[in-house]
Amino acid sequence: TWGARAYLVVFFVLTAWVVYLIGAQIWNRRVGAFTALVYATSPFPIAAANAVSTDTLLTLWYALSILFYWMARRRLNGLYICAMWLAIGLGCLTKGPLGILPLFGIAPFHWLMRRREPDQPWLFNPVGLALFAVVGMGWFFWKSYKYPGLMQYWFLHETVGRLAKGEFDRNPQFYKAFVIYLP
């Protein structure tokens with residue numbers, strides 16, 4: 001059983017390193033070290049790194065997408081935007097549509113900042129979007145081509161049904177997030 005979880009420890013350590021780099025990128029190295037320390041000693045990430053799950057890997061992709069976004073902002077380089085889209089694609093490949101979650105913070109922030117700083121790289125870079133489509137959606141398209149009706153099932157049941165309708169009876173009540181995560 002240890003072997004099934006061993007790779008998660010590596011991803012946990014990599015995520016702590018990426019969290020350090022994010023803090024250093026946004027503020028400075030001291031803040032980066034503090035953010036990595038907080039992440040590395042938090043009970044939920046430690047527990048997730050010891051459970052057979054894709055959550056630790058998904059967290060790494062999320063952190064990398066945020067790091068690459070900030071690197072693009074600081075260096076004014078669209079290649080980092082492409083790397084951000086690649087990380088988001090890897091998140092989708094890992095956990096499906098939840099992989100795009102970082103965009104819900106990145107896109108509004110980018111829109112606000114671009115109004116003040118118009119020289120920022122374009123968020124919807126065509127090369128980055130192509131990387132996302134191939135890496136993040138390629139497997140899903142291949143499987144839905146091979147098995148007709150699968151894409152409809154994934155979208156209607158695994159995404160909309162699970163998130164909006166409580167179809168699989170996994171804490172569908174609005175208050176469950178507070179009961180589960182607040183303590």
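In helix α6, the buried residues are L103, I106, H110 and M113. Their cover includes helix α4, residues 55-75, and helix α5. The model is a predicted one.

**Helix α6**
- Helix α6 covers residues 103-116, and its 14 residues should span 20 Å at 1.5 Å a residue.
- H110 is one of the buried residues of α6, along with L103, I106 and M113.
- Helix α5, which is among the elements covering these buried residues, also packs with α7.

**Packing of α5 with α7**
- Two packed helices are described by the angle between their axes and the distance between those axes.
- For α5 (residues 78-95) and α7 (residues 126-146), the angle is about 10 degrees and the axes lie 8 Å apart.
- The two helices are therefore roughly parallel to each other, since angles under 35 degrees count as such.
- On the α5 side, the contact is made by C82, W85, L86, I88, G89, L90, C92 and L93.
- On the α7 side, the contact is made by V127, G128, L129, L131, F132, V135, G136, W139 and F140.
- By class, the residues of this contact comprise 14 nonpolar, three polar and no charged.

**Cysteines**
- The count of disulfides is zero, with a cut-off of 2.5 Å between cysteine sulfur atoms.
- C82 takes part in no disulfide, and the nearest cysteine sulfur to it, that of C92, is 16 Å away.
- Seen from C92, the closest cysteine sulfur is in C82, and the separation of 16 Å is too far for a bond.
- C82 has a relative accessibility of 8% and so counts as buried.
- C92 counts as buried because its relative accessibility is 1%, the cut-off being under 20%.
- Both C82 and C92 are among the α5 residues that make the contact with α7.

**Loop residue L76**
- L76 lies in the loop between α4 and α5.
- With a relative accessible area of 42%, L76 is partly exposed, a class that runs between the 20% and 50% limits.
- Leaving out residues up to four places away in sequence, L76 touches M71, D119, Q120 and P121.
- L76 and I100 are 24 residues apart along the chain, and their C-alpha atoms are separated by 23 Å.

Definitions and conventions. Residues numbered from 1 in each chain as written. Predicted model: local features only at pLDDT ≥ 70, side-chain atom pairs only at ≥ 80, totals over all residues. Heavy atoms only, no water. Axes fitted to C-alpha atoms, helices over the stretch in contact; angles between N-to-C directions. Helix = DSSP H or I, 4+ residues; strand = E, 2+ residues; numbered from the N terminus. Parallel < 35°, antiparallel > 145°, perpendicular 65-115°, else oblique. Contact = heavy atoms within 4.5 Å. Nonpolar A, V, L, I, M, F, W, Y, C, P; charged D, E, K, R; others polar. Expected span 1.5 Å × (residues − 1). Buried < 20%, exposed > 50% of the residue type's maximum accessible area, 1.4 Å probe, protein only.
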